[in-house]
Protein chains: 2
Amino acid sequence: MVNGLKLRASDLSKQASSADVIYNALRDAIIRGEIGEGGALRQDTIAQMFRVSRIPVREAMQRLEAQGLVVSERHKGAVVASLSVEQITEIFQFRALIEPIVIEMAVPLMTEKTLAEAQGHCDAFAAETDPLRWGDLNRAFHRVLYRDAGKPYFLSVVDKTNDLVERYVRLVLYFVQGMRHAVAEHQAILDACKERDAKGAAELTRRHIELASETLVDYLRTQKR
Amino acid sequence: MVNGLKLRASDLSKQASSADVIYNALRDAIIRGEIGEGGALRQDTIAQMFRVSRIPVREAMQRLEAQGLVVSERHKGAVVASLSVEQITEIFQFRALIEPIVIEMAVPLMTEKTLAEAQGHCDAFAAETDPLRWGDLNRAFHRVLYRDAGKPYFLSVVDKTNDLVERYVRLVLYFVQGMRHAVAEHQAILDACKERDAKGAAELTRRHIELASETLVDYLRTQKR
DNA sequence: GTTTGCATAATTGTATCCAATCTACAATAT
DNA sequence: ATATTGTAGATTGGATACAATTATGCAAAC
């Protein structure tokens, strides 16, 4: 019998392949905006970066393409997908519909631990001075609030949807709204959760997303893409 | 300048690779239930079926796994994902939330051509005697009604969600409700669309999905999985 | 100056081969 | 008889090599 052995989380999940590692690295780089729209993703270059052959790179690419983060053309290569203002608007519209529903389902089930964690993320977000970290903390805050809904499929859709527009959300945080505005809205959402006001939290979440969308679209139009 | 050139659809879409072909074939086989839950997908076997090496097979698998249709384990192989009753229920709950929203957006924009096409699918569905075709016609009917919403992202989410539960929907059509019930509901939805009753079409769609979900869950519980 | 043609380089798609590891079953020890 | 160990086959993960296609640079013609 196993007796004194300690298992780490990494032992429980299936062992990561090279393709997994590369997928996560590329996805994060795209999400964070480190590789900009239209940025080329050369199989050979990436393979050399990870000291592997092109095979696992291609497998990672298949997943990224399936998720809509990159588009590739035969014998031409893959580039980071670029979204039109219309596409971005539609995705934010989707978020503004689905995320309020998820938080509304989560509020009645939210534990004190979750509320404390969310407050922690919110405070950390407010205190963070490095703009490059704002995106991560913003994302973490929202994710925690949806967690207790206990709806894995809803969460996966929300996650994949957010992946597609994360780099634009970060644009808003960096250059447009600044962070103070987001902090106030986050605290309002969290307060509604603490008061178990599910409808209120949902409505605030909807407005939070819609405002971000409008702000972003205004910004993009001034940049006249 | 381009003057007089006729482009075919196949010229517009990028040329299909082996991986594309294999992905589509496997996805359809899974969706249609031709490969049942837990059915093994051996790379070598599939490669031989398509007369190719395992490389394109693996790339197709990555996409299928990203979409949640198969699960694979290192050195053990991939199998068709099996969904628990809880997972199926959640996915139908998602459908019952999102699809009414899409049809409600579509109704005001629906063209006569679309309405005629939908009626065609509905009639073809009613007249079809081969149960194996019911699933396709059912799916086609619903897709047409969502098309004019002009929301590609919403449609892609609806499509991917339906892919996950399509084999269970077909179970309901084949063995449980029969087709007559579905035809009546389809005609009711379509009639609401023709009368430009967006809210009505949405509500009927919601009930259509919820009823299918309840029927399916009852059936699955009797089969005590 | 612009365009066309061609040779070369760059890039992706796929086949083949090898390594790692899991499964099943037989052999052995307790 | 049961538990453990060892080994062979099966299966996947990945590297290397080659084929097919496209991009690029440059020279020649208009």
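**Reading the DNA surface**

Author: Keep in mind that this is a predicted model. Let's begin with the surface near DNA strand D: its residues divide into five nonpolar, seven polar and five charged.

Reader: Which residues are closest to DNA strand D, and how many surround it?
Author: There are 17 residues around DNA strand D, and the closest are A:Ser18, A:Ser53, A:His75, A:Lys76 and B:Arg58.

Reader: What share of the DNA strand D atoms within 4 Å of the protein belongs to sugar or phosphate?
Author: That share is 70%, and the rest belong to bases.

Reader: How do I read individual polar contacts there?
Author: Here, a pair of N or O atoms within 3.5 Å counts as a polar contact. For a base, a polar side-chain atom of B:Arg54 sits 3.0 Å from a base nitrogen of DNA strand D. For the phosphate, B:Arg42 places a polar side-chain atom 3.3 Å from a phosphate oxygen. For the sugar part, a polar side-chain atom of A:His75 is 3.3 Å from a sugar or linking oxygen.

Reader: Which elements give two or more residues to that surface?
Author: Those are α4 of chain A together with α4 of chain B. The most comes from α4(B), with three residues.

Reader: Now DNA strand C. Which residues come nearest to it?
Author: Of the 18 residues around DNA strand C, the nearest are A:Arg54, A:Arg58, B:Ser18, B:Ser53 and B:His75. By class, this surface has five nonpolar, seven polar and six charged residues. The largest share, three residues, comes from α4(A).

Reader: And what are the polar contacts with DNA strand C?
Author: Among them is A:Arg54, with a polar side-chain atom 2.8 Å from a base nitrogen. A polar backbone atom of B:Ser53 is 2.5 Å from a phosphate oxygen. B:His75 has a side-chain N or O atom 3.2 Å from a sugar or linking oxygen.

Note on methods. Residues numbered from 1 in each chain as written. Chains lettered and ligands numbered in written order. Predicted model: local features only at pLDDT ≥ 70, side-chain atom pairs only at ≥ 80, totals over all residues. Heavy atoms only, no water. Near = heavy atom within 4 Å. Polar contact = N/O pair within 3.5 Å; in protein donor to acceptor, adjacent residues only side chain to side chain. Helix = DSSP H or I, 4+ residues; strand = E, 2+ residues; numbered from the N terminus. Nonpolar A, V, L, I, M, F, W, Y, C, P; charged D, E, K, R; others polar.
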